[in-house]
Amino acid sequence: KNMLKLFFLLTLIATVVYATTCPNDCSGQGTCNTASGVCSCRNDRTGADCSIYQHIMERDTWVEGNVDIWSWRFYQFNTGFGAGGVRWEVESLDDEGDCDLYVRFGDRPDRLNWDAKDTDVSADAVVDVHDSQAGTWYAGVFG
């Protein structure tokens, strides 16, 4: 009898430890589902560990924020039918540092996968996409 109780106790402890683990503890930006180990991210966060900032933008609006060195901030914009062109602008408030702007249709850009970019050594960046197709565009600011 004692051996069966000990086996049951060890199995229960192993299950509890495994079930409460989420990637990077959801980076403090989401809720961990302890049954599945999957994060449920806040609306402005994405990724398996909720570490990726992604803001949905409206037409003709400015968004303030910052990006750490060697980090990304993502923005999403949905264009309608016959959108024409899309312009993305990054203006630095202090004219120091350098950030790069990458734009991609249908998925978040990275340093290797993009449709347009501005990687000049400058605190500001501008990307124009002429004759943009209707759908979801993503901009990534890399610090």
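Here is a short chat about the rings, charges and confidence of this predicted model.

Residues are numbered from 1 along each chain as its sequence is written. In this predicted model, local features need pLDDT of at least 70 and side-chain atom pairs count only at pLDDT 80 or more, while totals for chains, interfaces and linings use all residues, and side-chain values use heavy atoms, leaving out hydrogens and water.

Colleague: What is the mean pLDDT of the chain?

Modeller: pLDDT is the predictor's confidence in each residue, from 0 to 100. Where pLDDT is low, the predicted coordinates should not be read in detail. Still, 83% of the residues reach 70 or more, and the chain's mean is 82.

Colleague: How many aromatic pairs does the structure hold?

Modeller: Rings of Phe, Tyr and Trp (its six-membered ring) pair if their centres lie within 6.5 Å; planes under 30 degrees apart are stacked, over 60 edge-to-face, and the rest tilted. Ring pairs link Trp70, Trp72, Phe74, Tyr102 and Phe142 into a cluster. For the whole structure, the number of aromatic pairs is 7.

Colleague: Are the rings of Trp72 and Phe142 stacked, edge-to-face or tilted?

Modeller: Their centres are 4.9 Å apart. The planes make an angle of 50 degrees, so the pair is tilted.

Colleague: How many residues apart in sequence are the parts that Trp72 and Phe142 tie together?

Modeller: Strands here are DSSP runs (E, at least two residues) and helices likewise (H or I, at least four), numbered from the N terminus. Trp72 lies in strand β5 (residues 72–79) and Phe142 in strand β10 (residues 135–142). The pair therefore ties together parts whose separation is 70 residues.

Colleague: Is Phe142 buried or exposed?

Modeller: Buried means under 20% relative accessible area, exposed over 50%, and partly exposed in between (1.4 Å probe, protein chains only). Trp72 is partly exposed at 23%. Phe142 has 7% relative accessibility, so it counts as buried.

Colleague: Which strand holds Trp137, the partner of Phe105?

Modeller: Phe105 and Trp137 pair edge-to-face, 5.1 Å centre to centre with 65 degrees between the planes. Phe105 sits in strand β7 (residues 100–105), 32 residues from Trp137, which is in strand β10.

Colleague: Which ring does the charged end of Arg73 sit over?

Modeller: A charge sits over a ring if NZ of Lys or CZ of Arg is within 6 Å of the ring centre and within 35 degrees of the ring normal. Arg108 does this with Phe74, 5.6 Å from its centre. For Arg73, the distance is 3.6 Å and the ring is that of Tyr53.
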